[in-house]
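Subject: Structure handover

Hello,

Here is the structure I promised to pass on. My notes follow below it.

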Amino acid sequence: MGPASASHPHLPATSWAVLGMLSFGEELTGNDLKKWADWSIGFFYWSPSVSQVYTELKRLEDRGLVTSRMVAGDGERGRRLYGITDAGVAALRSWSRDADVELPVLKHAVMLRLWMGHLQEPEQLKELVRAHIVNLTEQARRAGVHAEHSDDEPAWAFSQMSLRWSQRYFESEIRLARELLEDIDEAANRYRESAAHDDNGLPIPRDPGIWRSTVED
């Protein structure tokens, strides 16, 4: 994110995510925000813990971007509701319009394990990919269901758009994963036929340290 400006303070993106969830016209508890994050932005950005949500709420309240109040019904335990302030709306509008466009940060645990595929047999790697496809299929299904459930709420039009995008993203990832099933065989053949390896099956580089000259391009 770019430097702080007079119109929006310097905050982590997770703070803006929480503030954004409060921009839909409802006062919400921390638990509400956690559940809604799992239901919506968790598909493409962040599935927080409850403690993370409350950490961000405190940060936002300290900045005057959020306000809170205690409410309790008959026989009910008190609940703290959080709502966005006018200053919060102005800051959020400014950040969503003016913040730098950043590249997504990809942390792909399955690909990390495939990257070190020389440690496993090809069929083991394929089983990993097949399990990944099962997980992706379920995520695509859930994102689609949640998008459908947004039909009756016009205020969620852009939320629904983001959920549809998430569904397409997971479907695209499924296609890429299926391609990996063939790629694994090609990589295994190349490694087996061309790479030298030691007694532990670890590769012996032809040109140690060659990566140092390639990472600077």
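F170 counts as buried, because its relative accessibility is 8% and the cut-off for buried is under 20%. Keep in mind that this is a predicted model.

Now the aromatic rings. Searching the whole structure gives eight aromatic pairs. One of them joins F43 and F170 edge-to-face, with 6.5 Å from centre to centre and 70° between the planes. This pair links distant parts of the chain. F43 sits in the loop between α2 (30–39) and α3 (50–62). F170 belongs to helix α7 (residues 157–194).

Why is the pair of Y169 and F170 edge-to-face? The planes of the two rings stand at 75°, with the centres 5.6 Å apart, and planes over 60 degrees apart count as edge-to-face. Y169 is partly exposed, at 35% relative accessible area, whereas F170 is buried.

There is also an aromatic cluster. F24, W36, W39 and W156 make it up.

Last, the charges. E26, E148, D151, D152 and E153 form a negative surface patch. E26 lies in the loop between α1 (13–21) and α2. Its relative accessibility is 42%, so E26 counts as partly exposed; that class runs between the 20% and 50% cut-offs.

Best wishes

Definitions and conventions:
Residues are numbered from 1 along each chain as its sequence is written. This is a predicted model: local features need pLDDT of at least 70, side-chain atom pairs count only at pLDDT 80 or more; totals for chains, interfaces and linings use all residues. Side-chain values use heavy atoms; hydrogens and water are left out. Rings of Phe, Tyr and Trp (its six-membered ring) pair if their centres lie within 6.5 Å; planes under 30 degrees apart count as stacked, over 60 as edge-to-face and the rest as tilted. Helices (H or I, at least four residues) and strands (E, at least two) are DSSP runs, numbered from the N terminus. Buried means under 20% relative accessible area, exposed over 50%, partly exposed in between (1.4 Å probe, protein chains only). Patches are made of residues with over 30% relative accessible area and no salt bridge: like charges are joined within 9 Å, nonpolar side chains (Val, Leu, Ile, Met, Phe, Trp, Tyr) within 5 Å. Accessible areas come from the Shrake-Rupley method with a 1.4 Å probe; for residues, only the protein chains shown count as cover. A salt bridge is a side-chain nitrogen of Lys or Arg within 4 Å of a carboxyl oxygen of Asp or Glu. Lys and Arg count as positive and Asp and Glu as negative; His and the chain ends are not counted. The place of a charge is taken as NZ of Lys, CZ of Arg, CG of Asp or CD of Glu.
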